[in-house]
Amino acid sequence: MTPNAREMSESRHEQIPRLLTALAIVVGTTNVLTKPSQQQSYVQGAIEAITDATVAVVIPHSLVALWRVINICAAFDVIIIAQAANTGLTGGSTPNGDYDRPLVVISMQLLGGVHLLNDAAELIALPAATLRQLESTLAPLGREPHSVLGSSCVGASVIGGICNSSGGMLVQRGPAYTEMALFARRNASGAFELINHLGLDLGSHPEEILENLQAGTFNENLNSTNSKACTNHRYQHKVRDCEAETPARFNNDPNGLYEASGSAGKVIVFAVRVATFAKPKREQTFYISTNDADTFTTLRQQWLKSELKLPVLAEYMHKDYNNITMHYGRDTCLSMRLLTANKIGSLYRMQAKIGYYLDKWHLPKTLPDRILQMTSRFMPPSLPATLTTQALSYNYHLIIKVADGFVNDFDNGINKNSDKDSNKTDGENIAAAQDFLQNYLQQYQGTLHVCTELESQSLLIFRSAATAAMFRYHNLNQDKFGELLSTDIALPRNAVDWDETLPKHLQEQVSKTFYLGHFFCHVMHQDYLLKPKTNAKQFKEDLLAFYDKRHIEYPAEHNVGHVYPAKAELHYFYKKLDPTNSLNPGIGQTEKWKNWQSSPIKEKLNDEYY
């Protein structure tokens with residue numbers, strides 16, 4: 001080790017205790033977690049990531065405390081990874097690998113809160129506000145948030161969705177997006193500056209601004225002259241264009257990048273201002289199944305080109321996914337029916353802590369899954385009997401939900417943050433959709449089931465539980481398979497090859513495939529269980545090359561994390577937001593080193609830090 005590197009190591013080693021003391025003064029000793037067992041659920045996400053760089057997990061109790069914490073981190077020149085709910089699937093909010101500086105994870109879990117604006121037509125969401133919290137807050141007012149399904153069941157945060165341009169199931173609303181946020185940006189000189197683009201008068205000094213924001217000390221009734229958008233109002237036109245050669249939505253799309261939106265932890269977001277949506281008075285779910293992929297290809301094209309309103313959702317599942325969710329998702333389905341998002345989130349954190357001790361004691365990591373799988377045999381089936389029969393009798397399945405009795409500005413391209421003033425109501429969407437589907441299936445192969453409310457709820461929970469069931473299936477059958485490779489892709493809107501056929505050289509390396517997705521948006525989630533001797537890294541490179549030939553964009557909505565490379569526009573966006581590369585470095589497989597240096601420090605300093 002060179003003298004300079006040794007001096008740097010010794011200096012940082014001496015600074016760590018002072019850093020921890022300074023952080024504890026702000027948030028309290030119990031909210032500065034330094035033991036690996038305490039940190040496990042915060043530093044481990046959906047993907048396995050090994051690192052020794054984390055010196056502390058810090059849990060601020062107020063927005064002012066968060067501001068003070070990030071400024072302490074800047075003063076000590078440590079890396080910050082800001083974490084909302086840690087529900088991501090590509091490791092984008094957890095440490096991964098080696099870093100050139102000590103690292104602090106800041107958990108926002110105590111910073112919940114929602115402030116309604118303009119008679120609940122808009123709202124301000126603080127860092128830990130979850131989609132589930134928004135649902136319960138807005139439901140009595142006849143409104144709902146941007147996303148209400150899928151990952152919201154396990155506590156996904158509003159700001160996490162904005163920062164990752166998350167898409168979700170809802171066809172009409174597109175990726176989470178806003179141009180109105182309050183965030184801290186670390187400038188080129190290394191200092192944080194607070195930027196208020198919420199359109200609210202909160203004061204002039206950072207701590208005054210943050211105190212007023214958290215307390216809700218501002219005018220909640222604002223004029224609508226603000227030119228900045230707090231939702232993606234263009235998406236409905238985009239998704240209807242099923243002749244376009246490009247996808248409807250994907251994470252590398254430069255049109256979805258704006259300050260906090262798509263920032264992936266490259267700024268510290270204190271709040272976002274987002275639109276809410278009128279809650280439909282009546283909904284109807286249709287379950288359509290077929291053995292002919294072309295039946296769904298044509299159905300999608302005809303619906304999008306017709307005068308029919310866009311459905312609330314149009315979810316695809318293959319029979320293989322149905323099968324494993326039936327057998328490996330019973331307990332997940334039951335927990336989603338019975339437990340709140342907060343309780344499910346607590347179970348995930350407890351599971352991560354159990355995993356830490358299992359590893360420490362050299363016990364099988366699959367033990368919790370095996371116990372849950374055994375007990376699930378005594379739990380209710382994942383689906384009612386009528387739906388179970390249909391789900392296992394056909395290869396291809398669509399869950400389509402249509403709504404009546406709500407105001408809908410966006411389908412006509414009106415750029416409004418609120419839809420409350422429109423005089424148009426949709427009163428015949430369900431009847432028109434049912435007529436269309438019944439007539440369509442008289443000409444094409446397939447069956448249609450009109451769901452009761454209970455069946456609809458069961459189907460959507462079943463769909464949301466599918467990925468967890470697939471992970472368990474792989475965990476409990478590792479002796480039969482090699483690695484699991486999950487992809488998150490956006491097909492061109494004009495693509496007809498959604499029912500993927502792998503080239504022979506790729507087929508020969510795969511034991512099983514599992515496909516599902518947001519069908520009208522042409523976003524697919526595809527999982528490959530590889531054969532035991534398959535080289536997973538090479539397979540992935542060959543698979544992505546196959547996607548490239550089909551003009552597929554990836555990732556579609558789970559963001560790049562540490563799994564996918566950030567393309568040029570996204571890479572540039574990250575560098576512009578974070579010129580010192582101190583916030584979530586390495587995201588999108590970009591450079592991890594300070595000031596975006598292109599090569600790492602050869603001497604490994606991490607062992608010397610602690």
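**Figure 1. Overview of the predicted chain.** The chain holds 19 helices and 18 strands. The model is a predicted one. Of the 610 residues in the chain, 58% are buried. Among contacts with a separation of 6 or more, 77% are between residues 24 or more positions apart. The accessible surface of the chain is about 25500 Å², and carbon and sulfur atoms contribute 50% of that area.

**Figure 2. An open sheet of 4 strands.** The strand order is β1-β2-β4-β3, and the pairing is mixed. At the edges are β1 (32-33) and β3 (79-83), each of which pairs on one side only. The partner of β3 is strand β4 (residues 103-107); the two run in the parallel sense and share 5 bridges. Within this pairing, I81 stands opposite V105 in β4.

**Figure 3. Helices that lie across the sheet.** Helix α2, formed by residues 36-43, lies across β1, β2 (54-58), β3 and β4. The angle between helix α2 and β2 is about 75°. Helix α3, formed by residues 63-75, lies across β2, β3 and β4. Helix α3 runs at about 170° to β4. Angles here compare N-to-C directions on a scale from 0 to 180 degrees.

**Figure 4. The ring pair Y440 and Y444.** A pair of aromatic rings is described by the distance of the centres and the angle of the planes. For Y440 and Y444, the ring centres are 4.3 Å apart and the planes meet at 15°. Planes under 30 degrees apart count as stacked, so the pair Y440 and Y444 is a stacked one. Y440 has a relative accessibility of 2% and therefore counts as buried, the cut-off being under 20%. Y444 has a relative accessible area of 29%, so Y444 is partly exposed. The whole structure contains 19 aromatic pairs.

**Figure 5. A cluster of aromatic rings.** The residues shown are F296, Y316, Y396, W498 and F519. Ring pairs link these residues into a cluster.

**Figure 6. Lysines placed over tyrosine rings.** Two sites are shown in this view, one with Y564 and one with Y99. K540 lies over the face of Y564, and the distance to the ring centre is 5.5 Å. At the other site, K592 has its charged end over the ring of Y99, 4.4 Å from the centre of that ring.

Note on methods
Residues are numbered from 1 along each chain as its sequence is written. This is a predicted model: local features need pLDDT of at least 70, side-chain atom pairs count only at pLDDT 80 or more; totals for chains, interfaces and linings use all residues. Side-chain values use heavy atoms; hydrogens and water are left out. Two strands pair if DSSP finds at least two bridges between them. Contact means heavy atoms within 4.5 Å. Buried means under 20% relative accessible area, exposed over 50%, partly exposed in between (1.4 Å probe, protein chains only). Accessible areas come from the Shrake-Rupley method with a 1.4 Å probe; for residues, only the protein chains shown count as cover. Rings of Phe, Tyr and Trp (its six-membered ring) pair if their centres lie within 6.5 Å; planes under 30 degrees apart count as stacked, over 60 as edge-to-face and the rest as tilted. A charge sits over a ring if NZ of Lys or CZ of Arg is within 6 Å of the ring centre and within 35 degrees of the ring normal.
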